[in-house]
Amino acid sequence: MALNIVMVEPEIPQNTGNVARTCALTGARLHLVGPMGFKIDDRKLKRAGLDYWYLLDITYYESLDEFFEKNKCDNNFYYFTTKGRHIYSDVKYPEDVYLFFGKETKGLPEELLYKNPDYCVRMPMLNNERARSLNLSNTVAIATYEVLRQHGFPELLCEGQLHELKWDD
């Protein structure tokens with residue numbers, strides 16, 4: 001299984017750091033598409049991702065055009081947007097999938113959404129003009145785990161173990 005998280009023009013380093021941590025702990029590949037609103041060595045970015053950076057399979061792109069030139073599998077691309085007509089959990093995701101997320105202030109380019117209406121998905125939310133959308137890193141985490149759930153959480157540890165308690169007499 002190849003789960004790919006594509007962040008298009010992320011603006012907030014803490015969100016990208018949180019997404020990086022999610023990718024590191026789930027085995028998802030991270031694709032960062034520029035231009036970004038920060039430098040990749042940003043202290044806030046590193047802090048949010050903690051010490052998991054060495055676990056990442058990460059690729060950088062200068063633009064969305066470069067991304068599409070290097071990754072050609074349109075039918076495996078899903079675009080997360082508040083403008084989507086399909087609920088994210090109703091989709092049956094293929095094993096090799098790319099989940100796209102846009103920048104925090106504007107989302108994904110509208111042209112991309114118009115070209116791919118059947119692959120635009122959304123998280124259900126209240127209709128509230130002042131609360132536009134969920135936090136980007138939370139949305140990525142929810143979507144990532146939905147795809148992994150549908151495929152039986154491949155290669156993930158699904159059971160924890162408590163430490164043995166020592167009772168003082």
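Among the contacts in the protein chain of this predicted model between residues at least 6 apart in sequence, 75% join residues at least 24 apart. The protein chain is built from five helices and seven strands. Followed along the sequence, these elements occur in the pattern β-α-β-α-β-α-β-β-β-α-β-α.

The overall dimensions come next. The C-alpha trace of the protein chain spans about 70 × 35 × 35 Å along its principal axes. The radius of gyration is 17 Å, which agrees with the value near 15 Å that a compact globule of 169 residues would have. Of these 169 residues, 40% count as buried. As for charge, the protein chain carries 20 positive and 25 negative side chains. The centres of these two sets lie 6 Å apart.

The interior may be considered next. In soluble globular proteins, nonpolar side chains tend to be buried together. Here the largest nonpolar core has 27 residues, of which Ile5, Phe80, Tyr93 and Leu99 touch the most other members. Two or more residues of this core come from each of strand 1 (2–8), helix 1 (13–26), strand 2 (29–33), strand 4 (77–80), strand 6 (96–101) and helix 5 (136–150). Helix 5 gives the most to this core, with five residues. Another core lies apart from it and has 14 residues, among them Phe67, Tyr98, Phe100 and Leu108.

When neighbours within four places in sequence are left aside, Ile5 is in contact with Val19, Cys23, Ala28, Arg29, Leu30, His31, Leu99, Phe101, Val140 and Thr144. One of these partners, Leu99, is itself among the residues that touch the most other members of the largest core.

Phe77 counts as buried because its relative accessible area is 0%, whereas the cut-off for buried is under 20%. Not counting residues up to four places away in sequence, Phe77 touches Phe67, Phe68, Asn71, Tyr98, Phe100 and Tyr119. Phe77 and Val97 are 20 residues apart in sequence, yet their C-alpha atoms are 6.2 Å apart in space.

The backbone also deserves attention. Most residues other than glycine have a negative phi, and most peptide bonds are trans. Gly34 and Pro35, however, are joined by a cis peptide bond, with omega of about 5°. Pro35 has its place in the loop between strand 2 and helix 2 (43–49).

Two residues other than glycine have a positive phi and may be examined in turn. For Glu9, phi is near 55°. Glu9 lies in the loop between strand 1 and helix 1, and with a relative accessible area of 23% Glu9 is partly exposed. Phe153 has a positive phi of about 50° and lies in the segment after helix 5. Phe153 counts as partly exposed because its relative accessibility is 29%, and that class lies between the limits of 20% and 50%.

How values were computed: Residues are numbered from 1 along each chain as its sequence is written. This is a predicted model: local features need pLDDT of at least 70, side-chain atom pairs count only at pLDDT 80 or more; totals for chains, interfaces and linings use all residues. Side-chain values use heavy atoms; hydrogens and water are left out. A nonpolar core is a set of buried Ala, Val, Leu, Ile, Met, Phe, Trp, Tyr and Cys residues joined through side-chain atoms within 4.5 Å. Buried means under 20% relative accessible area, exposed over 50%, partly exposed in between (1.4 Å probe, protein chains only). Helices (H or I, at least four residues) and strands (E, at least two) are DSSP runs, numbered from the N terminus. Contact means heavy atoms within 4.5 Å. The radius of gyration is taken over C-alpha atoms; the globule rule is 2.2 Å times the number of residues to the power 0.38. Lys and Arg count as positive and Asp and Glu as negative; His and the chain ends are not counted. The place of a charge is taken as NZ of Lys, CZ of Arg, CG of Asp or CD of Glu.
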